[in-house]
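Please keep the structure open while reading.

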Amino acid sequence: MNPTDAPLLLLGQSTRLSHLPAFKKPRTSPLFMHYVTADKISKSYGIKPLFQDITFHISEGDKIALVAKNGSGKSTLLKALSGREHVDNGSVWINKEVTVALFEQEPKFQEELSVLENIFHYDHPIIKTIKQYEQASEQEDAGALSEAIIKMDELGAWDFDAKVKQILGKLNIHHLDQSVNTLSGGQRKRVALAQTLIDIGFEHKHVLLIMDEPTNHLDVGMVEWLEHYLNQEKVTLLLVTHDRYFLDAVCDEIWELDGSTLYTYKGDYETYLEQKAARIENNAASIDKAKNEYRKELEWMRKQPKARTTKSRSREQNFYEIESKAKQKIEDNKVELQMKMNRLGGKVAELKKVYKSFGKKAILKGFDYTFKRGERVGVIGKNGAGKSTFIQMLLGLVPQDSGKINIGETVIFGNFSQSGLEITEDVRVIEYVKNIAENFPLANGKTLSAAQFLEQFLFSPQQQYTYLSSLSGGEKKRLQLLAILFKNPNFLILDEPTNDLDLATLAVLENFLSEYSGCLLIVSHDRYFMDRLVDHLFVFEGDGVVNDFPGNYSHYRIWQKEQEAKERQQENKAGKAATGTASGEIDPTKTTTNSGKSSDQKPRKLSYKEQREFELLEKEIPELEKERDEITQKMSNAQLPYEELQELTKRITEISDALETKEMRWLELSELA
């Protein structure tokens, strides 16, 4: 078999990397399997080079984040490694024992099939049985459920089913019989993520998981769960993400694609920024030195006759190298714009006893709030809690059911929505901005031209003459944001502004907003972004409840964890008290009323699923103990072949680990039972 013929999971679709040229396998460490080597690979679109002659290695256990500006080739590089794109030059070697799984920004499904059928697409007995079990549970078919349970017992599929249930539950995926072509964008992204995680968890020992913006459309709770899940699973990871807390939680190495060159940094995001700054500083010093040398050499070039000696020709060649170095430009992503903003009056926005519902679903119940000048408010809550509806009501796009929303006469809203860039015709970038205004007024009385403003937001002069249809998704987002800011609003509303924006653009945006003197209302799942920019939070709890929390997201999460710890402590006290009463001790949860009667706080009982899990554990633990004893007996045979002894040793280790986990869980459930 060709060493490049590695199995590949593209959201579950098997393919081969047979189109990639063979590459000599590098030496590997005996401790860590070598997964991938890319040798001097290049890729261009037309005349635009994305990356040139880059070489890198990925080994087992690596957790790598890839960062670059939008349009620099991040997604293309990921697709090249997964076999979805061809490189122009160079070679890619992938270990034949490695399964490559790609999670893309735009998931692909069999549209006519259900969520269940798309997730459980493998033709394997365990997968088919779990699919039947989940289908029977969804449809509440007692006969089919009973039959599926028997098959689950026979195949020992409960452990994997528990992992499946955890993934589906944490990603809020229900209604498995729903057709995928009826799902919203966020639902499709979560189903695709569930499909990928289930795929890699099923009988794949060596997995390279490639993820392109996995946190888009996930609420904060889901992102935190995904961080934990990826740290627990034994996968090798290469991902693109704009979420810097997520990056720090799951990755220990950062690759930066900058100017078609790949730079590698060990450590977290802060370390990356420090090391990058040092690299740029060193490069700037080198360019300054080259400029001085270039001026001297330029004089020599002008004085030399056309017929030159071998020595002078060598100096001439060296001159062009110096010239190339001297004319390099270093991009500075810091933005300092002193806006000449329309003054906000004393009245900004006032909401009085506002109610809003969609059918039985309450969004707001008597919401009261008065915005002040310069306020910076973050909006958080689970998907579907009403955050976007709240924004649309504030903008006057959706009416409230009752109550009043009064907006000040001087307020000019700037609304960055999730709907994307509004394009009526395909024009060049510079023309699109000039149609809004020719100049951007500054506080010092000066102005910036449309071209200068575009450069501030990382659109080079060349890119400014690109047609809108040729921009990447992230570049369109950047232009949408720029167009809103160019209108000089004094009340900015940003609904998930960080989705699809690269880290360089986010740094530009954060620098700009940190100096912004108007009102800010931000809906975002990006915790880092929120922490930098907001002073307090509107927390949408659901069922129309909105709490005003004084602090940023990290402050809120600390408070929330403290509350959860208190609740667990109270539950534990209640459980211990109930146990003590059963053994004749005094129950501190009972209180005596004036009439001498007592009121009880009853301990929590097992749910149906927990009862079923408890029964299965009582069956599984003795079976594992029996198998362990049988293996121990076999291993005592001195004539046992070495290969068989190795297999038995491996199996007895697996049994011991499983017994430890199952016995601990049995003890937890037995206390409730």
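## Confidence of the model

The model is predicted, with an average pLDDT of 79 across the protein and a score of at least 70 for 80% of the residues.

Two stretches call for caution. In residues 330–336 pLDDT stays under 50, and the model has 15 contacts beyond four places in sequence for this stretch. In residues 585–601 pLDDT likewise stays under 50, and here the model has 17 such contacts.

Helix α3 covers residues 125–139, and because its 15 residues should span 21 Å at 1.5 Å a residue, the 21 Å separating its end C-alpha atoms agrees with expectation. Just after α3, Glu 140 adopts a positive phi of about 55°.

The buried residues of this helix are Ile 126, Ile 127, Thr 129, Ile 130, Tyr 133, Glu 134 and Ala 136. They pack against three helices, namely α2 (115–119), α4 (142–155) and α5 (158–170). An α-helix has 3.6 residues a turn, so residues three or four places apart point the same way.

## Glu 510 in helix α15

Is Glu 510 buried or exposed? Glu 510 lies in helix α15, which runs over residues 503–514, and it counts as buried because its relative accessibility is 1%, where the cut-off is under 20%.

Leaving aside residues up to four places away in sequence, Glu 510 touches Arg 244, Tyr 528, Phe 529, Arg 532 and Leu 533.

Notes:
Residues numbered from 1 in each chain as written. Predicted model: local features only at pLDDT ≥ 70, side-chain atom pairs only at ≥ 80, totals over all residues. Heavy atoms only, no water. Helix = DSSP H or I, 4+ residues; strand = E, 2+ residues; numbered from the N terminus. Buried < 20%, exposed > 50% of the residue type's maximum accessible area, 1.4 Å probe, protein only. Contact = heavy atoms within 4.5 Å. pLDDT = per-residue confidence, 0-100. Expected span 1.5 Å × (residues − 1).
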